[in-house]
Amino acid sequence: VRPWHTWDALTYDAASKRLLWAVLDTDKVLLSKMREYAKWTGQDAEKLAAQLKPGTGLYLFDPTKGRWFRQLGGGPRPYLRGMGGSLIYIPEWKKTIWYCAAQNVTPNDFAMWTYDGVANKWARLKPNGGKSIRTLVHGNRVAPGSEVQMAYSSKHRKLVAVLKQDTFVYDLEKNEWSKACEDKRNYAHDAVTVFGYDSVYDLFLLVNSPKGHWGKERELRAFRIGTKQWATLKITGPGIDKRPYRRQTGYYDPKFNMFV
């Protein structure tokens with residue numbers, strides 16, 4: 001299993017005990033690859049195509065079996081093609097949220113769904129009274145666009161999403177997106193920064209790129225839901241190295257209370 005693009009999403013489903021990976025392919029994409037494979041191996045393309053079962057671009061890893069497999073099944077399901085989306089597991093729901101607001105594919109991919117890994121079922125989320133994600137992003141400007149990073153707080157039952165200078169909040173109880181604030185110092189982007197939630201100190205942490213997309217400097221910033229404000233944290237130590245390349249990844253480890 002290999003993603004065709006680096007801007008995909010990854011999360012762990014504690015209910016099904018599987019790793020979930022949005023690889024961003026579709027039945028149509030796989031069919032095209034299968035026909036190309038048949039061409040070069042001299043096999044019957046139609047016979048191979050008949051073996052292709054309907055599914056999504058979500059791949060699952062079962063650690064007990066040590067294998068990856070594609071999420072299969074018909075019924076309602078997301079397009080799952082747009083880049084720069086986010087997968088977030090919600091322990092209270094025992095489901096994973098897939099959020100995407102992408103115009104980098106045709107047709108565009110604006111969606112918010114939940115995936116139940118135990119039942120293997122998708123369900124569409126309709127926030128803010130059923131308004132489309134496109135409207136919430138471009139019309140009302142209360143939800144994030146493409147290349148977003150998200151983190152979840154069980155204490156507040158809220159998702160916080162960061163994108164460039166903007167911070168957004170999704171309230172699970174209200175099923176509602178809202179814009180929390182705009183901070184000129186922030187530059188959050190899934191290809192540049194790292195974002196997570198520190199459950200011990202109740203802080204959302206951002207390894208920020210204060211000089212923008214191509215800047216090498218990094219700093220640590222913190223956001224509190226209660227105040228809806230950001231603050232730059234003073235690092236007592238060597239600090240964060242300047243990055244010659246943009247790609248970074250990280251996570252918060254609640255067992256050791258460490259942001260990696």
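A: Let's start with Tyr89, which sits in strand E5 (residues 86–90); strands here are DSSP runs of at least two residues, labelled E, while helices (H or I) need at least four, and numbering goes from the N terminus. A quick word on ground rules: this is a predicted model, where local features need pLDDT of at least 70, side-chain atom pairs count only at pLDDT 80 or more, and totals for chains, interfaces and linings use all residues. Residues are numbered from 1 along each chain as its sequence is written, and side-chain values use heavy atoms, with hydrogens and water left out.

Is Tyr89 buried or exposed? Tyr89 counts as buried because its relative accessibility is 13% (buried is under 20% relative accessible area, exposed over 50%, partly exposed in between, with a 1.4 Å probe and protein chains only). Setting aside neighbours within four places in sequence, Tyr89 is in contact with Thr11, Tyr12, Asp13, Ala14, Ala15, Lys94, Lys95, Thr96 and Tyr152, contact meaning heavy atoms within 4.5 Å. With one of these, Ala15, there is more detail: the Tyr89 side chain reaches its backbone nitrogen at 3.2 Å. Tyr89 and Asp116 are 27 residues apart in sequence, and their C-alpha atoms are 9.9 Å apart in space.

Now the pockets. On a 1 Å grid over the protein atoms alone, a pocket is an open set of points with protein on both sides within 12 Å along at least five of seven lines, and lining residues have an atom within 4 Å of a point. The largest pocket has a volume of about 1,300 Å³, volume being the space filled by probe spheres set on the points, which are joined across faces, edges and corners. E5 is among the strands that each supply at least two residues of its lining, together with E1 (9–13), E2 (18–22), E9 (149–153) and E13 (194–198). Of the 36 lining residues, Leu10, Leu87, Met150, Phe195 and Gly250 lie nearest the centre of the largest pocket. That lining splits into 21 nonpolar, 12 polar and three charged residues (Ala, Val, Leu, Ile, Met, Phe, Trp, Tyr, Cys and Pro count as nonpolar, Asp, Glu, Lys and Arg as charged, and the others, Gly among them, as polar).

The second largest pocket holds about 370 Å³ of space. Its lining has 12 nonpolar, two polar and two charged residues, and E14 gives the largest share, three residues.

How values were computed. A polar contact is a pair of N or O atoms within 3.5 Å; within protein, one must be able to donate a hydrogen and the other to accept it, and residues adjacent in sequence count only if both atoms are side-chain atoms. On a 1 Å grid over the protein atoms alone, a cavity is a set of points where a 1.4 Å probe fits but cannot get out, and a pocket is an open set with protein on both sides within 12 Å along at least five of seven lines; lining residues have an atom within 4 Å of a point.
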